[in-house]
Amino acid sequence: MTDYRQFERLCSDIMAGSGYDSIEPIGGTGDRGRDALHYSKIDSITTVFAYSVRSDWRKKLIQDCERIKEENHAIHSIVFVCTKTINGNQRDQCVSMVYENYGWSLEIFDLERIRVLLTGKLRFLLAQHPSIFCPPWFPSKGGLSVAESKDTLIIDYANHDHALAIWLARKLSLTGYKTWCYGMAPLAGENINESITTLIDKRAIHYLPILSIEAFTDSDFIGRIGYASVRKELTLPCWSDDLSNSRNTATVLQVEPARFYESYRKGLESVIDGLKAKGITPDYSQFQGNEIALKAYMPEPVTKVESEKIYTNIFQVSLPKSVVITGLNSALDNEELDNLRETWAFVKVSKLKFISFEDPPQELSTRIEKSLELSWRDYPNIEGKKSGNVIRELIRRSLNVACYLAGMRFCDDRKALYFPEKENGKHNISFIHLDGRKTHVTMTGLKTDGWGDRATQFRYQLGPQFKVSCDENGGYWVTTRIYVRVTDLEGVPFKGKVIGKKRKKVTKSWWNKQWVGRTIGMMQGISNTENQEEILIGSGSSQVAVSTKPLQWDCPISIDAEAVERIGDFQEEMADIKTFEVEEDEIIEEETN
């Protein structure tokens, strides 16, 4: 044994399967002589467990007993597990010694007793501990032991659905499930079809094949589906295409699928709900699942113990102390309201009543019937609306006004603001970066999709999406996300699934460095001040100010850039799956009325 912590875990699993089903592992540092603890509610007996890999096992047993006595643990028995073979005479002597000196009963699990358990009723534990029972001494396929243990979700697919398979495997790992996906498995030198079939037979608690129109051209994959389908309720198909009208007669098409072609999020929810309905629950807690999934993303440590400044896309807001409630004597039509949105930030309460930080523009002066100013922090509700909701919308509306003043346009199709191309070409913004250097960033551009004769060009324009939040101290903050608008060369926005594919083409090579530059540049591009440190909307005591300097703090560790570079193909793989489809409700402006 070289990994004692894993040995402790193995011992506790063996004990849990040997009558101590409610064992509580302790182990590690600060265990006060107890590697694990068990309390029997039936006969009120407390048992302490001590594990050892030492050759001088007798000396270790005495040391453990002394330590338990010194710590004044109130126990009735001790279980000693070791990796040495103990004969009957030695066992009897130790049992007598412990009882005479300490008054406890002793049970010993030596190497031979462990072997018998692991070749019998606890054989499934071989697969649970691959770091101990590892190749080449214990057979494995695709990095998994083939000792029978139905505990793993086997995710299978044809090459066309690689990105979805990797995404699904990692999402389920984050949830706490044990997953295996051949796109992430060490299969070099193995027959892929044979390995996956073996794992379906030996390790699959559930089989998740990803089906698309192209998948039916892979005969090996379809054969594996047929092999798994023979086993009752083992298969949960995941459709990446709508196969409702498919002419294929595969048995799996008769099983209700998780429909990923509609939405990745909904598809994932369907899978998790289906697993839980069959009593298949996560093996790990959320925290452990996150840790396992993170290790799958990061094949080597990418942090180092050096301080680093961390920046966010969150910006502080300064607000007026009061709001203005304006009543009109006649209603505004939709065109008038749309035009007003470009110069005046307001919340529409009714056809004749509006709430704003500043007085209405001069063009409405003849239609104002009454006006009232009040301190919004003193009122939980304003005109029947929660004050917090009103203020959040006013901040967002104020930023929209600043966007219009900065030359942005509104896309009626996508309900989003964006920077248009300039007459002389791209829309470039000069800004001061976080390190103080002056640089520029492009907000529009052309991209080519496809190769050779099939290559086509399309346009993209960037714009901001603002989410306003309030902290526990009553301070308001704006989170800025970059929206990517994609159109054909004539400026007509794309629709449906094409949008996600085009956005992926635009942002595939963008990482933290590119995203932060565009975010800071965009905020400063909206700014109307000389030093670009604030976005100011309104004037005097009615002015709203949004800082263009993001929330930041000092972190005691930093990213190891060289390690990140060594990850290599990992970044390209992530680029294929990191772009998500924006749901309609994420891009349509929220109305509080």
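Guide: The dialogue below takes up sheets, a helix and cysteines in turn. This is a predicted model, in which local features need pLDDT of at least 70 and side-chain atom pairs count only at pLDDT 80 or more, while totals for chains, interfaces and linings use all residues. Residues are numbered from 1 along each chain as its sequence is written, and side-chain values use heavy atoms, with hydrogens and water left out.

Visitor: What is the order of the strands in the open sheet of 5 strands?

Guide: Strands of a sheet pair through backbone hydrogen bonds, either parallel or antiparallel. Helices (H or I, at least four residues) and strands (E, at least two) are DSSP runs, numbered from the N terminus, and two strands pair if DSSP finds at least two bridges between them. Here the order is β1-β2-β3-β4-β5, with mixed pairing. Because β1 (24–25) and β5 (105–109) each have a single partner strand, they stand at the edges, and one side of each lacks a neighbour in the sheet.

Visitor: How do β2 and β3 pair, and over how many bridges?

Guide: They pair in the antiparallel sense over 5 bridges, and H38 has T47 in β3 as its bridge partner. The two strands form a hairpin with 4 residues between them, and S44 in the turn has a positive phi of about 55°. By contrast, β3 and β4 are parallel, with 6 bridges; F49 is opposite V79 in β4.

Visitor: Is β3 largely enclosed or open?

Guide: A residue is buried under 20% relative accessible area, exposed over 50%, and partly exposed in between (1.4 Å probe, protein chains only). In β3, 7 of the 8 residues are buried, so the strand is largely enclosed by the rest of the structure.

Visitor: Which strands does helix α2 lie across?

Guide: Helix α2 (residues 57–70) lies across β3 (45–52), β4 (77–82) and β5, at about 145° to β4. Helix α3 (residues 88–102) also packs on the sheet, where it touches β4 and β5 and makes about 150° with the direction of β5. Contact means heavy atoms within 4.5 Å; axes are lines fitted to C-alpha atoms, for helices over the stretch in contact, and angles run from 0 to 180 degrees between N-to-C directions.

Visitor: Which residues of helix α11 are buried?

Guide: An α-helix has 3.6 residues a turn, so residues three or four places apart point the same way. In α11 (residues 334–341), L337, L340 and R341 are buried. They are on the same side of α11 because they cover an arc of only 105° around the axis, the arc being that of the directions from the helix axis to the C-beta atoms. On the other side, E335 and D338 are exposed. The buried residues pack against β16, β17 and α12 (387–405). Of these, β16 (residues 346–348) and β17 (residues 353–356) form a hairpin with 4 residues between them.

Visitor: How many disulfides does a search of the whole structure find?

Guide: A disulfide is a covalent bond between the sulfur atoms of two cysteines; the criterion is a pair of cysteine sulfur atoms within 2.5 Å. The search finds 0 disulfides. The sulfur of C82 is too far for a bond, because the closest cysteine sulfur, in C94, is 9.1 Å away. C82 is buried, with a relative accessible area of 0%, whereas C470 is partly exposed at 36%.
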